Amino acid sequence: DTMLCGVSALDNKPELVRFKESPHVLIAGMTNAGKSVLLQMMLLSLVANNKPDDLGLVLIDLKNEDLAPFKNLPHVISYSYEYESAVDAIQFLLDEKKRRVEDNKGRRIVLVIDELAQLAIDRRLANKIGDLTSIGRSKRLNLISATQSVTKDGGIGSMMKANFSCRLIGKVAPGLSSVATGMAKMQAHLLPG
């Protein structure tokens, strides 16, 4: 239940994300900010250290690009690259959440969405994802999501405020860094270079 997300610039120690401490992870940044590389590294470390009996993955990649190399792993429950199958995948997880409310047994299932904003345009779907994240944490249902679009209004704004305690933020559009991080001051001046 632990993922590698890099090496600390301060002390060269591995930076880890643990689902027990951070049940849902948001990776945000503009094109070429490194979102896909980070997402792939986190997934590789997760599947390398978990058996398929202990971890299931539901992958949504509407570009059919960055998560495609993972689609044939034994951990993968479903891989969606079309909107309709993505909706079905999210409904599968909502059904699983309902089942686990009655009987909280089952392996950890991680929903991985590349480009969350593409799905969050549909308010009903955004609400379903929000519902999943609000209750899923205690049911071993987690979300890792990447997006280029971080906005104050609509889309993933309300989900970000409520559910993403771990945010890994690269370069974002001017004026949106405090929205993406949820912090008034980011301390970016402390980064080397």
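## Salt bridges

A search of the whole structure, which is a predicted model, finds 7 salt bridges. One of them joins the side chains of Asp1 and Arg108, with an N to O distance of 3.0 Å. Asp1 lies in the segment before β1 and Arg108 in strand β6, so this pair ties together parts that are 107 residues apart in sequence. Asp1 is partly exposed, at 27% relative accessible area, whereas Arg108 is buried, at 5%.

Lys63 takes part in a salt bridge with Asp66 (3.1 Å, N to O) and in another with Asp114 (3.7 Å, N to O). Asp114 belongs to strand β6 and Lys63 to the loop between β4 and β5, so their pair ties together parts that are 51 residues apart in sequence. Through shared partners, salt bridges join Lys63, Asp66 and Asp114 into one network.

## Helix α2

Helix α2 covers residues 83-102; at 1.5 Å a residue, its 20 residues should span 28 Å, and the 30 Å between its end C-alpha atoms agrees with this. Its buried residues include Ala86, Ile90, Leu93, Leu94 and Arg100.

## An aromatic pair

The count of aromatic pairs is 1. The ring centres of Tyr79 and Tyr81 are 6.2 Å apart and the ring planes lie at 40°, so the pair is tilted. Tyr79 is buried, at 16% relative accessible area, while Tyr81 is partly exposed, at 41%.

Methods. Residues numbered from 1 in each chain as written. Predicted model: local features only at pLDDT ≥ 70, side-chain atom pairs only at ≥ 80, totals over all residues. Heavy atoms only, no water. Helix = DSSP H or I, 4+ residues; strand = E, 2+ residues; numbered from the N terminus. Expected span 1.5 Å × (residues − 1). Buried < 20%, exposed > 50% of the residue type's maximum accessible area, 1.4 Å probe, protein only. Phe/Tyr/Trp six-rings, centres within 6.5 Å; stacked < 30°, edge-to-face > 60°. Salt bridge = Lys/Arg side-chain N within 4 Å of Asp/Glu carboxyl O.
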